[in-house]
Amino acid sequence: MLNEIIAFLGRRGEFFYISVFMLLIFLVFLISWLVEPRRLINGVLFTIFLISMVSWITVMVHKSTSHGLQRAYDFFVLAVFFCITMLLIFAWLFLFWNAYFVWKYESHTLPNLLTLISGVIALVLSIIFLFGPGQYLPHWLSALLASIPAIAIYLGLVLYNFLLNLLLYQIYPRRYKQDYLIVLGAGLINGDQVSKLLAARINRAIQYSNRQYQKGRKRPILIMSGGQGPDEKISEGLAMARFAHHRGVSPDQILIEDQSKNTYQNMLFSKRLAIKDFGSNKFRATFFSNNYHIFRAGLLAKEVGLKANGVGAFTRFYYLPNAVIREFAGVFVMHKRRHFVIMGLLVLFFILQAILAATGLVKFNVL
(Lines give C-alpha, C1' and ligand atoms only; values in the text may rest on other atoms or scores of the structure.)
Protein backbone atom coordinates (compact mmCIF):
# COMPACT_ATOMS: atom_id res chain seq x y z
CA MET A 1 0.00 0.00 0.00
CA LEU A 2 2.78 2.44 0.93
CA ASN A 3 4.59 1.72 -2.33
CA GLU A 4 1.39 2.37 -4.29
CA ILE A 5 0.93 5.74 -2.55
CA ILE A 6 4.54 6.74 -3.28
CA ALA A 7 4.15 5.65 -6.90
CA PHE A 8 0.90 7.64 -7.19
CA LEU A 9 2.53 10.79 -5.84
CA GLY A 10 5.64 10.24 -7.93
CA ARG A 11 3.61 10.33 -11.14
CA ARG A 12 2.55 13.86 -10.25
CA GLY A 13 5.97 15.48 -10.19
CA GLU A 14 5.96 18.73 -8.22
CA PHE A 15 3.01 17.55 -6.12
CA PHE A 16 5.17 14.74 -4.75
CA TYR A 17 8.12 17.00 -3.93
CA ILE A 18 5.93 19.64 -2.31
CA SER A 19 4.21 16.92 -0.24
CA VAL A 20 7.51 15.53 0.99
CA PHE A 21 8.90 19.01 1.74
CA MET A 22 5.71 20.02 3.59
CA LEU A 23 5.78 16.93 5.79
CA LEU A 24 9.48 17.29 6.52
CA ILE A 25 9.28 20.97 7.45
CA PHE A 26 6.28 20.29 9.66
CA LEU A 27 8.20 17.53 11.42
CA VAL A 28 11.20 19.84 11.92
CA PHE A 29 8.94 22.57 13.29
CA LEU A 30 7.09 20.20 15.61
CA ILE A 31 10.28 18.77 17.08
CA SER A 32 11.83 22.22 17.51
CA TRP A 33 8.66 23.63 19.13
CA LEU A 34 8.10 20.71 21.50
CA VAL A 35 11.74 20.58 22.59
CA GLU A 36 12.08 24.36 23.08
CA PRO A 37 9.01 26.58 22.43
CA ARG A 38 10.99 29.72 23.30
CA ARG A 39 12.97 29.70 20.04
CA LEU A 40 12.14 32.56 17.68
CA ILE A 41 13.08 30.28 14.78
CA ASN A 42 9.89 28.30 15.49
CA GLY A 43 7.83 31.07 13.92
CA VAL A 44 10.00 31.00 10.79
CA LEU A 45 9.69 27.21 10.51
CA PHE A 46 5.91 27.34 10.96
CA THR A 47 5.65 30.07 8.31
CA ILE A 48 7.62 27.95 5.84
CA PHE A 49 5.24 25.08 6.62
CA LEU A 50 2.21 27.32 5.97
CA ILE A 51 3.66 28.49 2.64
CA SER A 52 4.38 24.91 1.61
CA MET A 53 0.87 23.84 2.65
CA VAL A 54 -0.71 26.64 0.57
CA SER A 55 1.51 25.59 -2.35
CA TRP A 56 0.42 21.99 -1.84
CA ILE A 57 -3.27 22.93 -1.88
CA THR A 58 -2.75 25.16 -4.93
CA VAL A 59 -1.08 22.40 -6.92
CA MET A 60 -3.71 19.88 -5.82
CA VAL A 61 -6.59 22.17 -6.88
CA HIS A 62 -5.04 22.99 -10.26
CA LYS A 63 -4.27 19.31 -10.88
CA SER A 64 -7.96 18.53 -10.50
CA THR A 65 -10.33 18.36 -13.47
CA SER A 66 -12.90 20.68 -11.89
CA HIS A 67 -12.61 24.11 -13.53
CA GLY A 68 -15.26 25.46 -11.17
CA LEU A 69 -13.15 24.47 -8.17
CA GLN A 70 -10.10 26.11 -9.73
CA ARG A 71 -11.91 29.38 -10.38
CA ALA A 72 -13.42 29.40 -6.88
CA TYR A 73 -10.00 28.78 -5.34
CA ASP A 74 -8.35 31.54 -7.41
CA PHE A 75 -11.09 33.96 -6.38
CA PHE A 76 -10.63 32.98 -2.73
CA VAL A 77 -6.87 33.56 -2.90
CA LEU A 78 -7.36 36.99 -4.50
CA ALA A 79 -9.95 37.88 -1.86
CA VAL A 80 -7.55 36.89 0.94
CA PHE A 81 -4.72 38.97 -0.54
CA PHE A 82 -7.07 41.94 -0.97
CA CYS A 83 -8.26 41.69 2.64
CA ILE A 84 -4.71 41.45 3.96
CA THR A 85 -3.66 44.48 1.89
CA MET A 86 -6.61 46.54 3.09
CA LEU A 87 -5.95 45.43 6.66
CA LEU A 88 -2.35 46.59 6.46
CA ILE A 89 -3.22 49.91 4.77
CA PHE A 90 -5.99 50.77 7.22
CA ALA A 91 -4.43 49.25 10.35
CA TRP A 92 -4.12 52.79 11.69
CA LEU A 93 -7.93 52.91 12.11
CA PHE A 94 -7.85 49.99 14.55
CA LEU A 95 -4.83 51.41 16.35
CA PHE A 96 -6.52 54.80 16.84
CA TRP A 97 -9.72 53.06 18.00
CA ASN A 98 -7.77 50.98 20.51
CA ALA A 99 -5.78 54.03 21.66
CA TYR A 100 -9.08 55.73 22.53
CA PHE A 101 -10.15 52.89 24.84
CA VAL A 102 -6.74 52.64 26.48
CA TRP A 103 -6.75 56.41 27.06
CA LYS A 104 -10.27 56.15 28.50
CA TYR A 105 -9.76 53.22 30.87
CA GLU A 106 -6.02 53.20 31.68
CA SER A 107 -3.48 55.68 33.05
CA HIS A 108 -2.01 58.22 30.61
CA THR A 109 1.55 56.93 30.67
CA LEU A 110 3.93 56.57 27.74
CA PRO A 111 3.64 52.74 27.59
CA ASN A 112 -0.14 53.12 27.32
CA LEU A 113 0.25 55.45 24.34
CA LEU A 114 2.03 52.91 22.15
CA THR A 115 -1.03 52.14 20.01
CA LEU A 116 -1.54 55.87 19.40
CA ILE A 117 2.10 56.29 18.34
CA SER A 118 1.88 53.16 16.19
CA GLY A 119 -1.32 54.47 14.61
CA VAL A 120 0.37 57.71 13.58
CA ILE A 121 3.29 55.80 12.06
CA ALA A 122 0.92 53.42 10.23
CA LEU A 123 -1.08 56.38 8.87
CA VAL A 124 2.06 58.05 7.51
CA LEU A 125 3.22 54.82 5.87
CA SER A 126 -0.24 54.29 4.35
CA ILE A 127 -0.15 57.77 2.83
CA ILE A 128 3.31 57.08 1.38
CA PHE A 129 2.09 53.77 -0.06
CA LEU A 130 -1.11 55.17 -1.56
CA PHE A 131 0.08 58.49 -2.97
CA GLY A 132 3.72 57.78 -3.77
CA PRO A 133 5.26 61.21 -3.07
CA GLY A 134 8.54 60.03 -4.55
CA GLN A 135 7.37 60.99 -8.04
CA TYR A 136 7.68 64.67 -7.04
CA LEU A 137 11.18 64.32 -5.58
CA PRO A 138 14.65 64.11 -7.12
CA HIS A 139 15.68 60.56 -7.91
CA TRP A 140 18.45 60.51 -5.32
CA LEU A 141 16.11 61.69 -2.56
CA SER A 142 13.45 59.19 -3.62
CA ALA A 143 16.06 56.43 -3.41
CA LEU A 144 17.15 57.57 0.04
CA LEU A 145 13.59 57.82 1.41
CA ALA A 146 12.79 54.35 0.07
CA SER A 147 14.75 53.03 3.05
CA ILE A 148 11.80 54.04 5.29
CA PRO A 149 9.22 51.59 3.84
CA ALA A 150 11.97 48.98 3.49
CA ILE A 151 12.72 49.18 7.21
CA ALA A 152 8.97 49.23 7.92
CA ILE A 153 8.56 46.00 5.95
CA TYR A 154 11.43 44.41 7.86
CA LEU A 155 9.94 45.48 11.20
CA GLY A 156 6.57 44.16 10.03
CA LEU A 157 8.10 40.75 9.32
CA VAL A 158 9.80 40.75 12.72
CA LEU A 159 6.50 41.70 14.36
CA TYR A 160 4.69 38.95 12.45
CA ASN A 161 7.21 36.37 13.65
CA PHE A 162 6.87 37.60 17.23
CA LEU A 163 3.05 37.42 17.08
CA LEU A 164 3.16 33.93 15.62
CA ASN A 165 5.51 32.72 18.35
CA LEU A 166 3.30 34.38 20.95
CA LEU A 167 0.25 32.51 19.63
CA LEU A 168 2.11 29.19 19.42
CA TYR A 169 3.34 29.63 22.99
CA GLN A 170 -0.26 29.92 24.23
CA ILE A 171 -1.04 26.36 23.13
CA TYR A 172 2.14 24.66 24.29
CA PRO A 173 1.19 21.44 26.15
CA ARG A 174 0.98 21.79 29.93
CA ARG A 175 2.56 19.24 32.20
CA TYR A 176 0.96 18.92 35.62
CA LYS A 177 4.09 17.58 37.32
CA GLN A 178 5.56 20.79 38.69
CA ASP A 179 7.44 21.39 41.92
CA TYR A 180 7.08 25.19 41.80
CA LEU A 181 4.65 27.66 40.27
CA ILE A 182 6.26 31.09 39.88
CA VAL A 183 3.81 33.99 39.79
CA LEU A 184 5.31 37.17 38.33
CA GLY A 185 4.49 40.37 40.16
CA ALA A 186 2.92 43.60 38.89
CA GLY A 187 2.21 47.00 40.38
CA LEU A 188 0.01 47.26 43.48
CA ILE A 189 -3.02 49.47 43.95
CA ASN A 190 -2.73 52.02 46.78
CA GLY A 191 0.66 50.55 47.57
CA ASP A 192 -0.58 47.29 49.14
CA GLN A 193 -3.54 45.90 47.15
CA VAL A 194 -3.37 43.35 44.34
CA SER A 195 -4.73 44.69 41.03
CA LYS A 196 -7.19 42.77 38.83
CA LEU A 197 -4.38 42.05 36.38
CA LEU A 198 -2.17 40.60 39.11
CA ALA A 199 -5.09 38.74 40.71
CA ALA A 200 -5.71 36.98 37.39
CA ARG A 201 -2.14 35.64 37.46
CA ILE A 202 -2.47 34.37 41.04
CA ASN A 203 -5.87 32.81 40.41
CA ARG A 204 -4.51 31.06 37.31
CA ALA A 205 -1.65 29.58 39.36
CA ILE A 206 -4.05 28.40 42.09
CA GLN A 207 -6.25 26.82 39.41
CA TYR A 208 -3.19 25.05 37.99
CA SER A 209 -2.19 23.83 41.46
CA ASN A 210 -5.66 22.44 42.10
CA ARG A 211 -5.68 20.73 38.72
CA GLN A 212 -2.34 19.04 39.43
CA TYR A 213 -3.55 17.90 42.86
CA GLN A 214 -6.76 16.50 41.33
CA LYS A 215 -4.60 14.37 39.06
CA GLY A 216 -3.23 12.63 42.15
CA ARG A 217 0.08 14.46 42.31
CA LYS A 218 1.59 16.60 45.05
CA ARG A 219 0.68 20.25 45.34
CA PRO A 220 3.38 22.53 43.96
CA ILE A 221 4.89 25.37 45.97
CA LEU A 222 3.81 28.84 44.85
CA ILE A 223 6.64 31.37 44.53
CA MET A 224 5.27 34.91 44.71
CA SER A 225 7.88 37.01 42.92
CA GLY A 226 7.97 40.80 43.12
CA GLY A 227 9.92 43.46 44.97
CA GLN A 228 8.76 46.70 46.56
CA GLY A 229 8.50 49.73 44.30
CA PRO A 230 9.21 53.31 45.45
CA ASP A 231 5.46 54.04 45.67
CA GLU A 232 4.50 50.76 47.36
CA LYS A 233 4.00 50.15 51.08
CA ILE A 234 4.91 46.46 50.93
CA SER A 235 6.55 44.18 48.42
CA GLU A 236 4.48 42.74 45.59
CA GLY A 237 5.50 39.25 46.72
CA LEU A 238 4.03 39.81 50.19
CA ALA A 239 0.81 41.29 48.81
CA MET A 240 0.46 38.35 46.44
CA ALA A 241 1.08 35.84 49.28
CA ARG A 242 -1.64 37.50 51.36
CA PHE A 243 -4.05 37.36 48.42
CA ALA A 244 -3.33 33.66 47.84
CA HIS A 245 -3.75 32.94 51.55
CA HIS A 246 -7.20 34.57 51.48
CA ARG A 247 -7.99 32.31 48.52
CA GLY A 248 -7.33 29.26 50.68
CA VAL A 249 -3.66 28.53 49.93
CA SER A 250 -1.79 27.33 53.00
CA PRO A 251 1.14 29.58 54.07
CA ASP A 252 3.49 26.57 54.03
CA GLN A 253 2.73 26.22 50.30
CA ILE A 254 3.99 29.75 49.54
CA LEU A 255 7.48 31.16 49.15
CA ILE A 256 8.05 34.90 48.81
CA GLU A 257 10.68 36.43 46.54
CA ASP A 258 10.67 40.16 47.33
CA GLN A 259 13.87 41.57 45.79
CA SER A 260 13.17 41.60 42.04
CA LYS A 261 12.52 44.82 40.13
CA ASN A 262 11.85 43.43 36.65
CA THR A 263 10.99 40.20 34.84
CA TYR A 264 14.64 39.21 34.40
CA GLN A 265 15.16 39.42 38.16
CA ASN A 266 11.84 37.65 38.77
CA MET A 267 13.22 34.66 36.93
CA LEU A 268 16.75 34.82 38.33
CA PHE A 269 15.82 35.29 41.99
CA SER A 270 12.93 32.79 41.83
CA LYS A 271 15.33 30.22 40.38
CA ARG A 272 17.77 30.81 43.25
CA LEU A 273 14.95 30.54 45.81
CA ALA A 274 13.70 27.28 44.28
CA ILE A 275 17.21 25.79 44.25
CA LYS A 276 17.68 26.71 47.91
CA ASP A 277 14.31 25.21 48.88
CA PHE A 278 14.56 22.11 46.67
CA GLY A 279 18.21 21.40 47.40
CA SER A 280 19.28 21.24 43.75
CA ASN A 281 18.47 22.62 40.32
CA LYS A 282 16.59 19.48 39.29
CA PHE A 283 13.19 20.95 40.12
CA ARG A 284 10.36 21.43 37.62
CA ALA A 285 8.65 24.79 37.38
CA THR A 286 6.05 26.77 35.47
CA PHE A 287 5.61 30.52 35.63
CA PHE A 288 2.44 32.59 35.42
CA SER A 289 1.79 35.99 33.94
CA ASN A 290 -0.77 37.53 31.60
CA ASN A 291 -1.09 35.89 28.19
CA TYR A 292 0.55 38.75 26.29
CA HIS A 293 3.63 38.62 28.55
CA ILE A 294 4.49 34.94 28.81
CA PHE A 295 6.57 34.59 25.63
CA ARG A 296 8.98 37.42 26.48
CA ALA A 297 9.06 36.16 30.07
CA GLY A 298 9.94 32.73 28.70
CA LEU A 299 12.85 34.22 26.74
CA LEU A 300 14.11 35.87 29.93
CA ALA A 301 13.73 32.61 31.85
CA LYS A 302 15.84 30.97 29.17
CA GLU A 303 18.49 33.68 29.59
CA VAL A 304 18.91 32.91 33.30
CA GLY A 305 18.90 29.14 32.72
CA LEU A 306 15.47 28.52 34.24
CA LYS A 307 13.81 25.52 32.63
CA ALA A 308 10.26 26.77 32.86
CA ASN A 309 7.51 27.63 30.42
CA GLY A 310 4.63 29.98 31.02
CA VAL A 311 0.88 29.82 31.43
CA GLY A 312 -1.05 32.96 30.58
CA ALA A 313 -3.92 34.54 32.47
CA PHE A 314 -6.82 36.28 30.75
CA THR A 315 -6.40 39.91 29.72
CA ARG A 316 -9.13 42.31 28.60
CA PHE A 317 -9.20 42.61 24.82
CA TYR A 318 -8.88 46.39 24.62
CA TYR A 319 -5.65 46.21 26.64
CA LEU A 320 -4.02 43.54 24.45
CA PRO A 321 -2.83 45.58 21.40
CA ASN A 322 -1.02 48.14 23.55
CA ALA A 323 0.47 45.41 25.76
CA VAL A 324 1.54 43.26 22.79
CA ILE A 325 3.31 46.22 21.15
CA ARG A 326 5.15 46.82 24.43
CA GLU A 327 6.15 43.16 24.59
CA PHE A 328 7.33 43.25 21.00
CA ALA A 329 9.48 46.27 21.81
CA GLY A 330 10.96 44.35 24.74
CA VAL A 331 11.82 41.31 22.60
CA PHE A 332 13.20 43.62 19.88
CA VAL A 333 15.54 45.23 22.40
CA MET A 334 16.70 41.80 23.57
CA HIS A 335 17.98 41.16 20.03
CA LYS A 336 18.70 44.78 19.09
CA ARG A 337 22.23 44.13 17.79
CA ARG A 338 20.97 41.71 15.15
CA HIS A 339 18.11 44.01 14.10
CA PHE A 340 20.23 47.15 13.93
CA VAL A 341 22.83 45.36 11.78
CA ILE A 342 20.12 44.29 9.31
CA MET A 343 18.48 47.73 9.27
CA GLY A 344 21.90 49.34 8.89
CA LEU A 345 22.59 47.19 5.83
CA LEU A 346 19.22 48.21 4.37
CA VAL A 347 19.98 51.90 4.90
CA LEU A 348 23.46 51.44 3.40
CA PHE A 349 21.95 49.81 0.32
CA PHE A 350 19.61 52.74 -0.27
CA ILE A 351 22.38 55.26 0.38
CA LEU A 352 24.36 53.59 -2.40
CA GLN A 353 21.26 53.75 -4.61
CA ALA A 354 20.92 57.45 -3.81
CA ILE A 355 24.57 58.08 -4.74
CA LEU A 356 24.13 56.24 -8.04
CA ALA A 357 20.93 58.18 -8.72
CA ALA A 358 22.64 61.50 -7.92
CA THR A 359 25.46 60.75 -10.38
CA GLY A 360 22.94 59.84 -13.05
CA LEU A 361 24.06 56.22 -13.35
CA VAL A 362 20.60 54.88 -12.38
CA LYS A 363 17.10 56.27 -12.10
CA PHE A 364 15.23 55.53 -8.91
CA ASN A 365 11.60 56.39 -8.16
CA VAL A 366 9.90 54.00 -5.76
CA LEU A 367 7.96 56.25 -3.37
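Tutor: Let's start with contact, which means heavy atoms within 4.5 Å. The model is predicted, with residues numbered from 1 along each chain as its sequence is written, and local features need pLDDT of at least 70. Side-chain values use heavy atoms, with hydrogens and water left out, while side-chain atom pairs count only at pLDDT 80 or more and totals for chains, interfaces and linings use all residues.

Student: What makes up the secondary structure of the protein?

Tutor: There are 14 helices and seven strands. Both are DSSP runs numbered from the N terminus: helices are H or I with at least four residues, strands are E with at least two.

Student: How do you know that the span of H14 is close to the expected one?

Tutor: Helix H14, residues 336-358, has 23 residues and reaches 32 Å from its first C-alpha to its last. Just after H14, Gly360 takes a positive phi of about 85°.

Student: Which residues of H14 are buried, and what do they pack against?

Tutor: His339, Met343, Phe350, Gln353, Ala354 and Ala357 are the buried ones. By the contact cut-off, the buried residues of H14 pack against helix H7 (139-145), helix H8 (147-170) and helix H13 (320-334). Buried means under 20% relative accessible area, exposed over 50% and partly exposed in between, with a 1.4 Å probe and protein chains only. Across the 367 residues of the protein, 41% count as buried.

Student: Why is Asn190 called exposed?

Tutor: Asn190 has 62% relative accessibility, which is over the 50% cut-off, so it counts as exposed. Asn190 is found in the loop between strand S2 (188-189) and strand S3 (193-194). Its phi is positive, about 60°, although Asn190 is not a glycine. Most residues other than glycine have a negative phi.

Student: How do you know that S1 and S4 pair?

Tutor: Two strands pair if DSSP finds at least two bridges between them. Strand S1 (residues 180-184) and strand S4 (residues 221-225) have five bridges, so they meet that test, and the pairing is parallel. Val183 has Met224 of S4 as its bridge partner, and Ile182 stands opposite Ile223. S1 is also joined to strand S6 (residues 285-290), again in parallel, by four bridges; there the bridge partner of Val183 is Phe288.

Student: What makes S5 and S7 the edge strands?

Tutor: The open sheet has five strands in the order S5-S4-S1-S6-S7, with parallel pairing. Strand S5 (254-257) and strand S7 (308-313) each pair on one side only, and that makes them the edges.

Student: What makes the crossover from S4 to S5 right-handed?

Tutor: With the strands pointing away from the viewer, a right-handed crossover has a path from the first strand over the helix to the second that runs clockwise. The chain goes from S4 through helix H10 (residues 236-246) to S5, and this β-α-β crossover is right-handed. Four bridges join the parallel strands S4 and S5, and Met224 stands opposite Ile256.

Student: Why is S1 described as largely enclosed?

Tutor: Five of the five residues of S1 are buried, so the rest of the structure largely encloses it. Tyr180, Ile182 and Leu184 point one way, Leu181 and Val183 the other way, and all are buried. In a regular strand the side chains alternate between the two faces of the sheet.

Student: What makes a set of residues a nonpolar core?

Tutor: They must be buried Ala, Val, Leu, Ile, Met, Phe, Trp, Tyr or Cys residues, joined through side-chain atoms within 4.5 Å. The largest such core here has 37 residues; Phe162, Tyr180, Ile182, Met267, Phe287, Phe295 and Leu306 touch the most other members. H8 supplies the largest share, six residues. Not counting residues up to four places away in sequence, Met267 touches Leu184, Phe287, Ala297, Leu300, Ala301, Val304 and Leu306. A second, separate core has 23 residues, including Tyr176, Ala186, Ile202 and Leu222.

Student: How do you know that H12 is mostly covered?

Tutor: Eight of its ten residues are buried. They are Ile294, Phe295, Arg296, Ala297, Gly298, Leu299, Leu300 and Ala301. These buried residues pack against H8, S1, H11, S6, S7 and H13. After H12 comes Gly305, with a positive phi near 80°.

Conventions. Expected span 1.5 Å × (residues − 1).
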